[in-house]
Amino acid sequence: MTTQLLLRYDSFDQGTHDSHAEDRANAGLTQLQMWREGTGTHWVLFDVNDVARAKAWVDKETGLGHGPAASHMLETA
(Lines give C-alpha, C1' and ligand atoms only; values in the text may rest on other atoms or scores of the structure.)
Protein backbone atom coordinates (compact mmCIF):
# COMPACT_ATOMS: atom_id res chain seq x y z
CA MET A 1 0.00 0.00 0.00
CA THR A 2 1.11 3.52 -0.77
CA THR A 3 0.78 6.17 1.93
CA GLN A 4 0.34 9.84 1.09
CA LEU A 5 -0.03 12.94 3.21
CA LEU A 6 -2.38 15.74 2.19
CA LEU A 7 -1.86 19.07 3.94
CA ARG A 8 -4.02 22.21 3.90
CA TYR A 9 -2.41 25.57 4.60
CA ASP A 10 -4.81 28.47 5.16
CA SER A 11 -1.87 30.87 5.12
CA PHE A 12 0.97 30.00 2.77
CA ASP A 13 4.37 31.49 1.95
CA GLN A 14 6.19 29.86 -0.97
CA GLY A 15 9.62 31.01 0.23
CA THR A 16 9.13 29.47 3.66
CA HIS A 17 7.78 26.29 2.10
CA ASP A 18 10.81 26.02 -0.19
CA SER A 19 13.25 26.65 2.66
CA HIS A 20 11.83 23.65 4.59
CA ALA A 21 12.33 21.16 1.73
CA GLU A 22 15.29 19.47 3.42
CA ASP A 23 13.36 19.02 6.69
CA ARG A 24 10.49 17.40 4.79
CA ALA A 25 12.88 15.10 2.94
CA ASN A 26 14.46 14.08 6.25
CA ALA A 27 10.96 13.25 7.48
CA GLY A 28 10.48 10.86 4.56
CA LEU A 29 8.24 13.15 2.52
CA THR A 30 8.41 13.73 -1.21
CA GLN A 31 6.22 16.47 -2.63
CA LEU A 32 3.99 15.24 -5.45
CA GLN A 33 1.54 18.06 -6.11
CA MET A 34 0.44 21.50 -4.94
CA TRP A 35 -2.87 23.25 -5.54
CA ARG A 36 -4.08 26.75 -4.71
CA GLU A 37 -7.70 27.30 -3.72
CA GLY A 38 -8.86 30.86 -4.17
CA THR A 39 -6.32 33.46 -3.16
CA GLY A 40 -4.72 31.91 -0.09
CA THR A 41 -5.44 28.32 0.80
CA HIS A 42 -2.91 25.80 -0.51
CA TRP A 43 -3.11 22.01 -0.57
CA VAL A 44 0.11 19.97 -0.81
CA LEU A 45 0.29 16.23 -1.47
CA PHE A 46 3.31 14.20 -0.38
CA ASP A 47 4.41 10.62 -0.83
CA VAL A 48 5.28 9.14 2.59
CA ASN A 49 8.03 6.58 3.01
CA ASP A 50 8.04 6.62 6.84
CA VAL A 51 4.66 7.21 8.50
CA ALA A 52 6.06 7.72 12.01
CA ARG A 53 8.60 10.32 10.88
CA ALA A 54 5.98 12.09 8.76
CA LYS A 55 3.55 12.29 11.69
CA ALA A 56 6.34 13.57 13.95
CA TRP A 57 7.18 16.26 11.39
CA VAL A 58 3.54 17.42 11.19
CA ASP A 59 3.33 17.53 15.00
CA LYS A 60 6.58 19.52 15.23
CA GLU A 61 5.53 22.01 12.53
CA THR A 62 2.12 22.48 14.15
CA GLY A 63 3.73 22.97 17.57
CA LEU A 64 6.01 25.66 16.14
CA GLY A 65 2.98 27.54 14.84
CA HIS A 66 3.66 27.29 11.11
CA GLY A 67 2.25 23.87 10.38
CA PRO A 68 -0.72 23.02 8.24
CA ALA A 69 -4.28 23.88 9.22
CA ALA A 70 -5.24 20.27 8.50
CA SER A 71 -3.44 17.05 7.68
CA HIS A 72 -4.73 13.78 6.28
CA MET A 73 -2.69 10.56 6.14
CA LEU A 74 -4.13 8.56 3.23
CA GLU A 75 -3.53 5.04 1.98
CA THR A 76 -4.13 3.82 -1.55
CA ALA A 77 -7.08 1.45 -1.55
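**Fold, pocket and salt bridges of a predicted chain**

Read from one end of the sequence to the other, the protein chain follows the pattern β-α-α-β-β-α-β. This amounts to three helices and four strands, where helices (H or I, at least four residues) and strands (E, at least two) are DSSP runs numbered from the N terminus. The model is a predicted one, in which local features need pLDDT of at least 70 and side-chain atom pairs count only at pLDDT 80 or more, while totals for chains, interfaces and linings use all residues. Residues are numbered from 1 along each chain as its sequence is written, and side-chain values use heavy atoms, with hydrogens and water left out.

The overall dimensions come next. Along its principal axes, the C-alpha trace of the protein chain spans about 35 × 25 × 20 Å. The radius of gyration is 12 Å, which agrees with the value near 11 Å that a compact globule of 77 residues would have; the radius is taken over C-alpha atoms, and the globule rule is 2.2 Å times the number of residues to the power 0.38. Among contacts with a separation of 6 or more, 65% join residues 24 or more positions apart, a contact being heavy atoms within 4.5 Å. Buried residues make up 31% of the 77 residues; buried means under 20% relative accessible area, exposed over 50%, and partly exposed in between, with a 1.4 Å probe and protein chains only.

H42 is placed in strand β3 (residues 41–48) and is buried, with a relative accessible area of 12%. Leaving aside residues up to four places away in sequence, H42 touches L7, R8, Y9, F12, M34, W35 and R36. H20, in turn, is found in the loop between α1 and α2 (21–26). At 19% relative accessibility, H20 counts as buried, and beyond residues up to four places away in sequence it touches E61 and H66.

H66 leads on to the largest pocket. Its lining comprises 16 residues, of which Y9, S11, T16, H66 and G67 lie nearest the centre. On a 1 Å grid over the protein atoms alone, a pocket is an open set of points with protein on both sides within 12 Å along at least five of seven lines, and lining residues have an atom within 4 Å of a point. The volume of this pocket is about 240 Å³, a volume being the space filled by probe spheres set on points that are joined across faces, edges and corners. Helices α1 (14–19) and α3 (51–63) each supply at least two residues of the lining. By class, the lining divides into five nonpolar, seven polar and four charged residues.

The structure also holds three salt bridges, each a side-chain nitrogen of Lys or Arg within 4 Å of a carboxyl oxygen of Asp or Glu. R8, already named as a contact of H42, meets D10 at 2.9 Å, N to O. R8 is partly exposed at 24% relative accessibility, and D10 is likewise partly exposed at 44%. D50 and R53 meet at 4.0 Å, N to O; D50 is partly exposed at 26% and R53 at 39%. K60 and E61 form a salt bridge at 4.0 Å, N to O.

Methods
1 Å grid on protein atoms, 1.4 Å probe; cavity = no way out; pocket = protein on both sides within 12 Å on 5 of 7 lines; lining within 4 Å. Nonpolar A, V, L, I, M, F, W, Y, C, P; charged D, E, K, R; others polar.
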